[in-house]
Structures are given as C-alpha cells and as structure tokens.
Amino acid sequence: MSSRINCILLVDDDEPTNMFHRIVLENTGVSKVIKVAETGFQALRLLQDPQDITCQDPDIIFLDLNMPGMNGWEFIDNYRKLRIQGTAPSKIFILTTSSDDDDIKRAEGIKEIQGFRSKPLTEEMIQEIIDQYFPPGEVA
C-alpha cells in the first residue's frame, strides 16, 4: 500500500493498543504522519496546536469510546465545535472493544462517523478503509 493520506490520529487510552496500531499503520505505509493521543483532551489539543500543523486536520481519526475523563462521544461533541471554527472534516472510525448495539446505533446516527470497527486494527481493515474513502488518484 502506498501513502495516500497525510495524517492519521489514534485516540485510545491504552498505550499497548496504541503501540500495536501504530506498528500496523506504519507497516502498511498508508500515511505520512501518525499521531497518538491517550485522552480525548490530548487529541483536541493536537488538533488545535498552532505549533504542529502536521496533523491539525487528520484524514482519519481512529477513536476509542471507553476512555476516562472524556469518552469518545464527548470527544466527538467537542470535535464538532472545532469544525464550526473552521477545521476540515476528518473521517472518524470508532475502534473499540464495545459491541453494544446502542453504541453501534448511536454511531450510525452521527454523520462524522464513517464506521464502527472492533479492535484490533488490522492491515485488511486499513486497506478496506483506504480503498473505500481514499481511492487512487484522490490523494489527501
């Protein structure tokens, strides 16, 4: 897989999971930049950091739902407020261990969420997302 997108943001409070997902993403070569945030607050700071423009508008956000402090749903609410201020839209994919039907239904009702996937992130999952949302010739 060649690099078709500029930036991916991983948002998950589990450090080993982030490390594993980063390795999977790096192995695919799909993105030039991979950023990791261990909290929703940290992710929002990354998206607003004027000193680091490499990932202010990530092409993809992989978002865990169950995080302390600010869960994934709260992150999305705050992300929407950033969008109102002019941030370009990212494709958000819920990446979680939750298989709760209510979570799946809730995700389907939020336009910013492109999909609901179960952990762990795999190369096949990445390929499917890239093929569907970033076809060849449409480099981000």
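Figure 1. A compact globule of 140 residues would have a radius of gyration near 14 Å, and the chain agrees, at 14 Å. That radius is taken over C-alpha atoms, and the globule rule is 2.2 Å times the number of residues to the power 0.38. Along the principal axes, the C-alpha atoms fill a box of roughly 35 × 35 × 30 Å. This is a predicted model, where local features need pLDDT of at least 70, side-chain atom pairs count only at pLDDT 80 or more, and totals for chains, interfaces and linings use all residues. Residues are numbered from 1 along each chain as its sequence is written, and side-chain values use heavy atoms, with hydrogens and water left out.

**Figure 2. The chain holds 5 helices and 5 strands.** Helices (H or I, at least four residues) and strands (E, at least two) are DSSP runs, numbered from the N terminus. Along the sequence the pattern reads β-α-β-α-β-α-β-α-β-α. Of the 140 residues, 45% are buried. Buried means under 20% relative accessible area, exposed means over 50%, and partly exposed lies in between (1.4 Å probe, protein chains only). Contacts are heavy atoms within 4.5 Å. Among contacts with a separation of 6 or more, 67% join residues 24 or more positions apart.

**Figure 3. Confidence along the chain.** The predictor's confidence in each residue is its pLDDT, from 0 to 100. The chain has a mean of 88, and 91% of its residues reach 70 or more. Confidence is highest in strand β3 (residues 60-63), at 96. It is lowest in helix α3 (residues 72-84), at a mean of 88. Where pLDDT is low, the predicted coordinates should not be read in detail.

**Figure 4. Helix α5 and its buried side.** Helix α5 spans residues 123-133, and its buried residues are Met-125, Ile-126, Ile-129, Ile-130 and Tyr-133. They sit on the same side of α5, because they cover an arc of only 130 degrees around the axis. The arc is that of the directions from the helix axis to the C-beta atoms. The face turned away from this buried side carries exposed Glu-124 and Gln-132. The cover over the buried residues of α5 includes β1 (5-11), α1, β3, β4 and β5 (113-118).

**Figure 5. Helix α2 and its buried residues.** In α2 (residues 40-48), the buried residues are Gly-40, Ala-43, Leu-44, Leu-46 and Leu-47. Their arc around the axis is only 155 degrees, which puts them on the same side of α2. An α-helix has 3.6 residues a turn, so residues three or four places apart point the same way.

**Figure 6. Aromatic pairs.** The whole structure has 3 aromatic pairs. Rings of Phe, Tyr and Trp (its six-membered ring) pair if their centres lie within 6.5 Å; planes under 30 degrees apart count as stacked, over 60 as edge-to-face and the rest as tilted. Phe-75 and Tyr-79 are stacked, at 6.1 Å centre to centre and 25 degrees between the planes. They are 4 residues apart in helix α3, so about one helical turn separates them. Phe-75 and Tyr-79 are buried. Phe-93 and Tyr-133 are edge-to-face, because their planes stand at 75 degrees, with ring centres 5.4 Å apart. Phe-93 lies in strand β4 and Tyr-133 in helix α5, so this pair ties together parts 40 residues apart in sequence. Phe-93 and Tyr-133 are both buried. Together with Phe-62, they form one aromatic cluster.

**Figure 7. A lysine over a ring.** Lys-91 lies over the face of Phe-134, at 5.7 Å from the ring centre. A charge sits over a ring if NZ of Lys or CZ of Arg is within 6 Å of the ring centre and within 35 degrees of the ring normal.

**Figure 8. Two buried threonines.** Thr-17 is in helix α1 (residues 15-28). Its relative accessibility is 17%, so Thr-17 counts as buried. Leaving aside neighbours within four places in sequence, Thr-17 contacts Asp-12 and Lys-119. Thr-96 is in strand β4 (residues 91-96). Thr-96 is buried, with a relative accessible area of 0%. Beyond four places in sequence, the contacts of Thr-96 include Asp-64, Phe-116 and Lys-119.

**Figure 9. A cis peptide bond.** From Lys-119 to Pro-120 the peptide bond is cis, with omega near 0 degrees. Pro-120 is in the loop between β5 and α5. Most peptide bonds are trans.
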